[in-house]
Amino acid sequence: VVLMFFDASQRISQVDKQLCSFIHDNYKPALFVVNKWDLMAEHMPTQRWADYLHETFATMAYAPIAFITGQSGRNIKTMLNHSQMLFKQSRLRITTGELNRVVQRALELHPPPLTPRHKRPKIYYCAQISVQPPTIVMKCNNAKAFPNDYRRYLLGVLRDQLDFAEVPIKLYLQNKNDD
């Protein structure tokens, strides 16, 4: 688990953006930690800082945020407990049956868009093949027919319906005949 520290009295820097990009690209669970919060608490609500972080790092919107004061130790224990929970989330295994039920409901509620030939792509089954990060493979008839926004929808459903709310998920769509 990566604890990504930000100074509450400073704007997010280019180096912060590069580090977060590296964290995201390597599928590491991350906790955004806003330090020196005692200096900003009177001037800015926590939600505004949280929105600022989520807008800046939109691809990591799932990452939780902790507001701490290092000098006094305020919220440090909560931050450490949350990081332990993230570690457990990243090691969680979901049964194939439960995973398939969640994905089937997602497909029924919001079917994938039709292909140019007016055929709807299908997902036959899915399985979790690894942990740290949770890695899910979905076998389908035409992996290329699922646009990126639909893949993001599927990731959102997995986060909402399973216990992967705050960790990165690797999602692979593969043609059924490919291995």
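## The nonpolar cores

A nonpolar core is a set of buried Ala, Val, Leu, Ile, Met, Phe, Trp, Tyr and Cys residues joined through side-chain atoms within 4.5 Å. In this structure, which is a predicted model, the largest such core has 29 residues, and those with the most contacts inside it are Ile-123, Ile-136, Met-138 and Leu-158. Two or more residues of this core come from each of strand E2 (30-35), helix H4 (76-90), helix H5 (96-109), strand E4 (123-130), strand E5 (135-140), H6 and E6, and the largest share, five residues, is given by H5. Apart from this core lies another one, of 19 residues, which includes Val-34, Leu-53, Phe-57 and Met-60.

## The surroundings of Ile-136

When residues up to four places away in sequence are not counted, Ile-136 touches Leu-99, Cys-126, Ala-127, Gln-128, Leu-158, Phe-164, Ile-169, Lys-170, Leu-171 and Tyr-172. One of these partners, Leu-158, is also listed with Ile-136 among the residues that have the most contacts inside the largest core.

## The largest pocket

The largest pocket has a volume of about 430 Å³. Its lining is made up of 17 residues, of which His-24, Thr-59, Arg-152, Leu-155 and Arg-159 lie nearest the centre of the pocket. Helix H6 (148-161) and strand E6 (170-175) are the elements that give two or more residues to this lining, and H6 gives the most, with five residues.

By residue class, the lining of the largest pocket divides into 10 nonpolar, three polar and four charged residues.

Key. Residues are numbered from 1 along each chain as its sequence is written. This is a predicted model: local features need pLDDT of at least 70, side-chain atom pairs count only at pLDDT 80 or more; totals for chains, interfaces and linings use all residues. Side-chain values use heavy atoms; hydrogens and water are left out. On a 1 Å grid over the protein atoms alone, a cavity is a set of points where a 1.4 Å probe fits but cannot get out, and a pocket is an open set with protein on both sides within 12 Å along at least five of seven lines; lining residues have an atom within 4 Å of a point. Grid points are joined across faces, edges and corners, and a volume is the space filled by probe spheres set on the points. Helices (H or I, at least four residues) and strands (E, at least two) are DSSP runs, numbered from the N terminus. Ala, Val, Leu, Ile, Met, Phe, Trp, Tyr, Cys and Pro count as nonpolar, Asp, Glu, Lys and Arg as charged, and the others, Gly among them, as polar. Buried means under 20% relative accessible area, exposed over 50%, partly exposed in between (1.4 Å probe, protein chains only). Contact means heavy atoms within 4.5 Å.
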